[in-house]
Amino acid sequence: MSENYTSFVRKEMISERVPPATERGVIKWVRENLFSSVFNTIMTFVSIWIIYSIVVAAAPWFINGIWDAKTVRECYDLLDGKSGACFAVLNERFPQLIYGFKYPSSEYWRPNLATILLLVALAPILFRGLPRSLLVFSAIYPFLAFWLIWGGSILTSVSAFFGCVIALVCYRRFSGGSFTKAVIVSVVAAYIWWSIGGYIAGLNESIFALEVVPSRDMGGFMLNLLLGTIAVCLSIPLGVALALGRQSDMPIIKWICVVFIEFIRGVPLITLLFVANVILAFFFPPDTSIDLILRVLIMMTFFNAAYIAEVVRGGLAALSKGQYEAADSIGLDYTQSMRFIILPQALKISIPGIVNVSVGMLKDTTLVSIISMFDLVGMIRGPILSSTDWNGVYWELFGAAAAIFFVVCFSVSKYSQWLERQLETDKR
Amino acid sequence: MAEKLKLEVSDEIAISIKSMNKWFGSFHVLRDIDLIVNRGERIVVCGPSGSGKSTLIRCINALEEHQSGQIIVDGTELTSDIKNIDRIRSEVGMCFQHFNLFPHLSILENCTLAPIWVRKIPKKEAEETAMHFLEKVKIPEQADKYPGQLSGGQQQRVAIARSLCMRPRIMLFDEPTSALDPEMIKEVLDTMIELAEDGMTMICVTHEMGFARQVANRVIFMDDGQIVEQNEPEQFFNNPQSDRTKLFLSQILGH
Amino acid sequence: MNTSEFTRRDKFQFSMLLNDKRYRSYTFQFFALFLLICAMAYLGKNLLENLAAAGLNISYSFLGEPAGYDINQRLIEYNSQSTHLRASVVGVLNTLLVAFLGCIAATFFGVTAGILRLSNNWIVAKLMMIYVEIFRNVPVLIWILIIHSVFLAFLPQPKAFRGENPEATMLWDAFAFTGRGFYIPKPVFNDGSLVVILISILSIIGVFAFRYFARQKLYSEGKLIETRWTSIGIFFIPTILIYFALGSPIDLEYPELKGFNFKGGLHLRGSLISLWFALSIYTGAFIAEVVRAGIQSVDKGQSEAAGALGMRPNFIMNLVILPQALRVIVPPLISFFLNITKNSSLALAVGYMDITGTLGGITLNQTGRAIEAVLLLMLFYLVISLSISAIMNVYNRSIMLKER
């Protein structure tokens, strides 16, 4: 026992106290974050100055904006020399920006309804708290939306839908046996139904018919949304298949997938759109004419599928080998282990990447303006800016386009971040 | 130390391996393996790391492919015929060092997945079987939880229950306790002892020599891809014949 | 049950095609190949029929014919009588030019913004976040168009530089920023300039050699030589000496206002500047995120451990943090460079004559040779992306952490 200390026993515990003023509250925060060092202080002042200059330059332009005028001349007259924006162009040309200039205005309710229903259809997929029965609506939605947007008799959509239902029923019945047999039977059954259904639908064009709107009359932001959504939905299954093929052991399958993926990823989207525009028609049988929008959709689907394949490949690689082994050792075959074990986990990991790629696709739909389709950017550069009424109103129009895309893309990426956080907490 | 279990071993052959050889590329990982396992036998395989013990048992359920020799499991020969492989895999259960539970499925779903989709057992029956085995491994209350919410020992017991739900006739264990914290090893070993008492044919790769002494009726020592020595546990631990065996035992029994 | 000696040569049966592990994969692949060949034959047949019906054939002879159009921004000699092939070469050089400049500027913007994002200063970090979010969520085409119109709207025309009290003045009497483009001094290489260039290359090599020598000295004798000032000296002094010794062989030709326009100097057109700026600032936002993620990916424990060993901050950054962060940063960075190269094809929107504008644009429209032109165009981009991917693979392999 050492003699170098006096023994000590505390009689009363010390209770908690508040820190001194400089260590808490607003003062502490300001000190640490804005003025912690000389360099930091300089940066703070520089940033404040930058923000101030931007606000001072931009505010009058916004505040003095004219919302009600018929031409750009009128805007300038009304402004009388002050700096201000001519927002009237947005007011006057809004329908054109959103729907294109050929979509009949009496039918605007149809794409509006389709968009709202899109959100309803996506809701059960994106948010897991909702009742599963809503998924039935999600399955019906593509056919409903097709009828709403393009018009025509409802029979086409209905028969297409039932074709898919029949395929699914056949698959379920035969999936006890071999996978290949089930697939073949369901494809054949669906094909038979679609041929009959197509014939019947062709007979009567007016049952529950909406006014037909041909694809070339679609335009504006609606076209961007349409192309983006369809391309993304179609490309996800294709991308997953490509990813699975790429990591397969069979050399031929693997090389087909590798060549496809690397080719598509190596060229810019604009060249693929050139293909859609001038070359793709050569590959279809003579005397068939395929809509430009369909050709563009095909190339965009291929484009997106290649990028999604790479994302899913990363997800598949992130799974430990033990999962494949465990699935094998309890006797699941390839299709079963993919369906129940591997793909659910891999896709969950890949979701942020897939959402990223999809947002990129939505932004890339603006490229169709270069091949003279009148999407949002095409409308602005084409009919609106070149019209004598609105010549030269760059900032307002491009700013509005940027704002529209910003709102949509930012919301989607915020959703993706939220989803990532949800999936993280899941793991616990 | 627990009492040695006295258990019946039948004469029926469960696994028969003859002159089996395996190469990884040019590395000769398994050399001239000859092994007969009778039904009801509990075999412990031990050896230094890299000796091929895990590879051996992974060949038995075709997770690895052997290049020469013959493996017959439960009367079916392991060839490259997929039907044979599938049949063998449903009769042989395997437990891994890292459990490999399916993290996105609940415990109950982990256990019922294979019976429903491979043996085509109706869901209700599969769930009853699953609960029965979860009770056997003493964690029935965790049935609705997810693997990430369980401790390591609990996860490994679930992995055992998952394999048992397929009603295998042979169980393979690949270092089942090596990834566990010390305080959880006992619960897993107790489960394995109970399995042995029920008459399961078991091959276990492990370093747990206490378990070997208590349960095994044969201990096999492997080194450099070959079976160097096999004997019943008393003889093996007290009277090792080969120098390599003696060296190995001194290393692991020393502390 | 047959327990006789198992040989791998059992009798072949047809059911083996589906059931035997070895043959099953061959069967599937055979079918896949068969389907592929059928599909290609079908497409090929349609192609040939359509071509015949339109009276076209596939031929690249158009490359030898005179182009008949002018290209204003060009790096090599070209006029409207040059062949289409030469026009394409001009386009290729223009693409490479804007891609190269874009990569450098984007890296600069991205690294700065990424590092600032991590700063302690709340205002700066938030400002950078706003920059990143705004630029990432709007299509690059819209940015290109906005910046191009800004460029045209805000910069003065050359004639504004005229007169006694001009509205606009040149920077240092050497740089003129106008709505028609930037006019900058152009280096003129006279006799002896080759020697100067050679010497400067040698000095760069010398700097690396000196640093290597210094490191060897540290390893063998434990003496730390101050490298900073000596490196700067080795870099600059020989080049400056030889420059003056040879009588200043490299001159600058300054742009001068003659009449209504600038003559002389180097003219960087508005389309190049706006494309370059838009691509850089857009990709810079993505690079910023990657840089931030890379630096954050290095465990805080690493710098703590290094500090506990007594290392000073700049050593910690250079020897511990940066190598690990770069492993995470460089692969996506290289793929962003590839994106810049591919996005440069949007030059069509502002009239910059890159390969898509010449070969895929005017040449294609004039000659009507759509299939040949587009194929050649895609081949060009493919070659670039495959080379860049190969470089990335080499880099990845060389820095891979050795694992057990």
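Predicted model: local features only at pLDDT ≥ 70, side-chain atom pairs only at ≥ 80, totals over all residues.
Visitor: Hi! What is the secondary structure of chain A?

Guide: Chain A comes to 16 helices and 0 strands.

Visitor: Okay, and is it spread out or compact?

Guide: Chain A is more spread out than a compact globule, because its radius of gyration is 29 Å, well over the 22 Å that the globule rule gives for 428 residues. Along the principal axes, its C-alpha atoms fill a box of roughly 105 × 80 × 40 Å.

Visitor: How many of its residues count as buried?

Guide: In chain A, 43% of the 428 residues count as buried. One of the buried residues is Q323(A).

Visitor: Where is Q323(A) found?

Guide: Look at helix α13 of chain A, which covers residues 321-329. Q323(A) sits in that helix.

Visitor: Why does Q323(A) count as buried?

Guide: Its relative accessibility is 6%, and buried means under 20%, so Q323(A) counts as buried.

Visitor: Which residues does Q323(A) touch?

Guide: Leaving out residues up to four places away in sequence, Q323(A) touches I341(A), I342(A) and Q345(A) in chain A. From chain B, it touches N100(B), L101(B), F102(B) and P103(B).

Visitor: Which elements of chain B have the lowest and highest mean pLDDT?

Guide: The lowest mean, 83, belongs to helix α2 (residues 82-91) of chain B, and the highest, 94, to strand β8 (residues 201-205) of chain B.

Visitor: New topic: how many helices and strands does chain C have?

Guide: Chain C comes to 12 helices and 7 strands. Its radius of gyration is 29 Å, while a compact globule of 404 residues would have one near 22 Å.

Visitor: And how many positive and negative side chains are in chain C?

Guide: Chain C has 33 positive and 23 negative side chains, with the centres of the two sets 8 Å apart.

Visitor: What about S271(C), is it buried or exposed?

Guide: S271(C) counts as buried, at 10% relative accessibility. You'll find S271(C) in helix α8 (residues 270-297) of chain C.

Visitor: Which residues does S271(C) touch?

Guide: Not counting residues up to four places away in sequence, S271(C) touches H148(C), V350(C), G351(C) and Y352(C).

How values were computed. Residues numbered from 1 in each chain as written. Chains lettered and ligands numbered in written order. Heavy atoms only, no water. Helix = DSSP H or I, 4+ residues; strand = E, 2+ residues; numbered from the N terminus. Rg over C-alpha atoms; globule rule 2.2 N^0.38 Å. Lys, Arg positive; Asp, Glu negative; His and termini not counted. Charge placed at Lys NZ, Arg CZ, Asp CG, Glu CD. Buried < 20%, exposed > 50% of the residue type's maximum accessible area, 1.4 Å probe, protein only. Contact = heavy atoms within 4.5 Å. pLDDT = per-residue confidence, 0-100.
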